Amino acid sequence: MNAVMMNAAMKTTTLGASGIECSAIGLGTWAMGGWMWGGQDSAAATEAIAASLDAGVTLIDTAPAYGMGASEQLVGAALKGRRHEAVIATKCGLVWHTQQGTHFFDEDGHPVHRHLGRASIFHEAEESLKRLQTDYIDLYITHWQDSTTPVEETMDALLDLKKQGKIRAIGVSNVDAPTLAEYLRHGPVDAAQERYSLIDREIEQTLLPLCGRNNVTILGYSSLALGLLAGPIDPARQFTGDDQRASNPRFSAANRARLKAFFDELEPLRRQFGCSFGQLMIAWTLSNGSVSVALCGARTRSQATENATAGALELPEEAVQRIDDAASAHLKALA
């Protein structure tokens, strides 16, 4: 990492109309919960959270579904004594305390349903507050949408939680434009958390215009596409256990070869900025104006520090264009 990046300040943004300021890099803690990532290491994850805060990351993103509460518990313990330094985002809507709503998946023998009914949201909020060891949640996000509950009921519950001081801002995730528009009919939405990376750009045509018109801050998750964009992947590397990448066709041998060609083309650019490929991809995510926060997963101190430092990397327009051109040449087949 070059000295310019090490000494530069982390970019920041504000979540909608809430007035909550946070870092432009957010720490995603899905992998820390272990679920679908081949296990967990709590000690390493705790170090990663501390390293993120030390490097200027304030937004910590978690959810009850990440390890059936394990990720929230880990975040709560790691933030003990440092709660005031963090903007905590967590979620509701994936439940195992009830079988209302629609079945989504089974985890550890428990059926998990999509459900955003009023009573369920209040129950989930209390459980999250306990696991996070806090008395308020900065950003409360509907994790997946529930077709069995009217959006008005969901939004009314969130607004009541906000009035009670238990949440400070309201967000949605995995939402289409008509559903977001329905939320906005019933109250302010401060943030939308959606998948976004160099190879996942669908929201540019669907949600981005609506969010722009309504002051909804976009948080892009999977900024490195489950690690696909972090750098060349060893052809011999195997993903095992419940690691979702083991069955993901994007991680095929053919795609790894395409990725190598892509990164080879960008090697001069990487050297120019003195950064890693992952940092280059994160900086691209923040540079093109589609998202205000790039959510980046990390399970170790070094990963967390590397991701955080990308929040100070400024890419000129010509560098962004070179990355876009290289992606067009080599990565179309990955989409």
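Start by selecting Leu139 and Ala169: Leu139 stands opposite Ala169 in strand 10. You are looking at a predicted model, where local features need pLDDT of at least 70, side-chain atom pairs count only at pLDDT 80 or more, and totals for chains, interfaces and linings use all residues. Residues are numbered from 1 along each chain as its sequence is written, and side-chain values use heavy atoms, with hydrogens and water left out.

Now widen the selection to residues 137-142, strand 9, which runs parallel to strand 10 and is joined to it by five bridges. (Strands are DSSP runs of E, at least two residues, and helices are runs of H or I, at least four, numbered from the N terminus; two strands pair if DSSP finds at least two bridges between them.) Color residues 167-173 next: six of the seven residues of strand 10 are buried, meaning under 20% relative accessible area with a 1.4 Å probe, protein chains only.

Zoom out to see the barrel, closed by eight strands in the order 3-4-5-9-10-11-12-13 with parallel pairing. On average, neighbouring strands of this sheet are turned by 30° against each other, direction ignored.

Then pick strand 4 (residues 59-61) and strand 5 (residues 87-92), a parallel pair with three bridges. Here Asp61 stands opposite Ala89 in strand 5.

Finish with helix 2 (residues 42-54) and helix 3 (residues 70-78), whose axes, lines fitted to C-alpha atoms over the stretch in contact, come within 10 Å and cross at roughly 55°. Show Ser42, Ala45, Thr46 and Ile49 of helix 2 with Leu74, Val75 and Ala78 of helix 3, which make the contact (heavy atoms within 4.5 Å).

Technical notes:
Axes fitted to C-alpha atoms, helices over the stretch in contact; angles between N-to-C directions. Buried < 20%, exposed > 50% of the residue type's maximum accessible area, 1.4 Å probe, protein only.
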